[in-house]
Amino acid sequence: MNPDQILAGLLTFFARTPTTVPWNVVDLESDGLVVIVDTRDAACMLIMSAVAAEFGEVAALNSIGVDGIDVTGCLVRAGDRSREVTATLRGAYLFAMQEGTEHNDDHPF
């Protein structure tokens, strides 16, 4: 299965799975892949792919609508470092998606 098909399947799965967390970074350890999934309106493929590229090769990037829910995702090839990459990428993505405020413009994008 190619990376685009894998990502489309994962995005569909996450869109249909009830959760209180609007985004996640998940280790697909058996395949050496990591996926970032975000259902927020503020999700940005450009930021997602830029952050992901710092930790591995971006294998696929997509945004789809499923049952009225828009979900954006990025599939990253991390190889045998997938567990380490997942933990680091989770923190980096959280930081990258923080909004600046009037008193704090210290954010990367």
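**Exercise 1. Arg90**

Task: Decide whether Arg90 is buried, partly exposed or exposed, and find which residues it contacts beyond its sequence neighbours.

Solution. Step 1: The relative accessible area of Arg90 is 35%. This structure is a predicted model, and the value is computed from it. Step 2: Buried means under 20% and exposed means over 50%, with partly exposed in between. Arg90 is therefore partly exposed, at 35%. Step 3: Arg90 is located in helix H3. Step 4: With neighbours within four places in sequence set aside, Arg90 is in contact with Trp23, Asn24 and Val25. Step 5: Met48 is 42 residues away from Arg90 along the chain, and 11 Å separate their C-alpha atoms.

**Exercise 2. Ser82**

Task: Classify Ser82 as buried or exposed, and list what it touches.

Solution. Step 1: Ser82 belongs to helix H3, which covers residues 82–96. Step 2: Its relative accessible area is 2%. The limit for buried is under 20%, so Ser82 is buried. Step 3: Not counting residues up to four places away in sequence, Ser82 touches Asp27, Glu29, Gly32, Leu33 and Val34.

**Exercise 3. The sheet**

Task: Work out the strand order of the sheet and state which strands lie at its edges.

Solution. Step 1: Strand S2 (residues 33–38) and strand S4 (residues 69–77) are antiparallel and joined by six bridges. One example is Ile36, whose bridge partner in S4 is Cys74. Step 2: S4 is also joined to strand S3 (residues 57–66), by nine bridges, and this pair is antiparallel too. Here Glu57 has Arg77 as its bridge partner in S4. Step 3: The whole is an open sheet of four strands in the order S1-S2-S4-S3, with antiparallel pairing. Step 4: S1 and S3 pair on one side only, which makes them the edge strands. Step 5: From one strand to the next, the twist averages 15 degrees. Step 6: Two residues lie between the strands of the S3 and S4 hairpin, where Asp67 takes a positive phi near 50 degrees.

**Exercise 4. Helices on the sheet**

**Exercise 5. The largest pocket**

Task: Identify which element gives the most to the lining of the largest pocket.

Solution. Step 1: The largest pocket holds about 200 Å³ of space. Step 2: It is lined by 13 residues, and the closest to its centre are Phe14, Thr17, Thr19, Val21 and Thr39. Step 3: H1, S1 and S2 each supply at least two lining residues. Step 4: H1 gives the most, with three residues.

How values were computed:
Residues numbered from 1 in each chain as written. Predicted model: local features only at pLDDT ≥ 70, side-chain atom pairs only at ≥ 80, totals over all residues. Heavy atoms only, no water. Pairing = 2+ DSSP bridges. Buried < 20%, exposed > 50% of the residue type's maximum accessible area, 1.4 Å probe, protein only. Contact = heavy atoms within 4.5 Å. Axes fitted to C-alpha atoms, helices over the stretch in contact; angles between N-to-C directions. 1 Å grid on protein atoms, 1.4 Å probe; cavity = no way out; pocket = protein on both sides within 12 Å on 5 of 7 lines; lining within 4 Å. Points joined across faces, edges and corners; volume = space filled by probe spheres on them.
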